[in-house]
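Visitor: I have a model to go through with you today. Could you take me through it while I ask questions along the way?

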Amino acid sequence: MAGKTETKLKSFTLVEILVVVAIIAVLTVVVVGSLSDVKVRSRNAKRMEDLRSVYTALISYYYRATPYYYPASDTSGLLKNVNGLVPVYIQDIPSDPKSVNSEYVYKAVKSNGFACTNVNPDYCKQFILCGDLEPNSDNEIFCCNRDGCNRKVSAGNCASLSACP
């Protein structure tokens, strides 16, 4: 068999292919996991920016009202039900970026600390504005009052307003 040459085909073994598939699967899990964390941080940044914008609108409202007062809150305590801010002080009342069921909380407060929900808003001298941050398991909230906004960890949540100053 003098003129016959054997050609050997080069190919990957089954073990090599399985190793490559396993590496790709691990990398996919890591990338997808980190993307969900980025989404959470993005929504939290949106919440904080929303509340800072409303805070600015409330401060502007206060200094343009005579005598100085903040808009009264209704009994639901939801920011979306506050009257007098749109469209003069803010374009739209923002809502939570993740869920319509998780709304921002607003409570106008009298000088003595009691809620200011009456029709005579001249007594509304303070306010509490709050948004729950993700993940909900860490009890982190973002609060604003007339002195400014801050991020804090607390035992409560915004719905009860037990966590904001």
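Guide: Please bear in mind that this is a predicted model.

Visitor: How many residues of β3 are buried, then?

Guide: Six of its six residues are buried, and β3 is mostly covered. In a regular strand the side chains alternate between the two faces of the sheet.

Visitor: Why does N145 count as buried?

Guide: N145 has a relative accessible area of 17%, and buried means under 20%, so N145 falls within that class. N145 belongs to strand β3, residues 140–145. A polar atom of the N145 side chain lies 2.9 Å from the backbone nitrogen of D147.

Visitor: What joins β3 to β4?

Guide: A hairpin through two residues joins them. β3 and β4 also pair in the antiparallel sense, over six bridges. Within that pairing, E140 has V153 in β4 as its bridge partner.

Visitor: And what is the strand order in the sheet?

Guide: The sheet is open and has four strands in the order β1-β2-β3-β4, with antiparallel pairing. Its edge strands are β1 (105–109) and β4 (148–153), each of which pairs on one side only. From one strand to the next, the twist averages 20°.

Visitor: Which residues are bridge partners between β2 and its neighbours?

Guide: One example is V109, whose bridge partner in β2 is Q126. Another is D132, whose bridge partner in β3 is I141. β2 covers residues 126–132 and pairs with β1 over five antiparallel bridges. The pairing of β2 with β3 is also antiparallel, over five bridges.

Visitor: Changing topic: how many cavities of 30 Å³ or more are there?

Guide: The structure holds one such cavity. The largest cavity contains about 40 Å³ of space.

Visitor: What lines the largest cavity?

Guide: The lining consists of D96, S102, E103, Y104, C130, G131, D132 and C158. By class, these are three nonpolar, two polar and three charged residues.

Visitor: One last item: where is V82, and is it buried or exposed?

Guide: V82 is in the loop between α1 (14–64) and β1. V82 is buried, because its relative accessible area is 7% and the cut-off for buried is under 20%. The C-alpha atoms of V82 and I93 are separated by 8.6 Å, and these two residues are eleven residues apart along the chain.

Methods: Residues numbered from 1 in each chain as written. Predicted model: local features only at pLDDT ≥ 70, side-chain atom pairs only at ≥ 80, totals over all residues. Heavy atoms only, no water. 1 Å grid on protein atoms, 1.4 Å probe; cavity = no way out; pocket = protein on both sides within 12 Å on 5 of 7 lines; lining within 4 Å. Points joined across faces, edges and corners; volume = space filled by probe spheres on them. Nonpolar A, V, L, I, M, F, W, Y, C, P; charged D, E, K, R; others polar. Buried < 20%, exposed > 50% of the residue type's maximum accessible area, 1.4 Å probe, protein only. Polar contact = N/O pair within 3.5 Å; in protein donor to acceptor, adjacent residues only side chain to side chain. Pairing = 2+ DSSP bridges. Axes fitted to C-alpha atoms, helices over the stretch in contact; angles between N-to-C directions.
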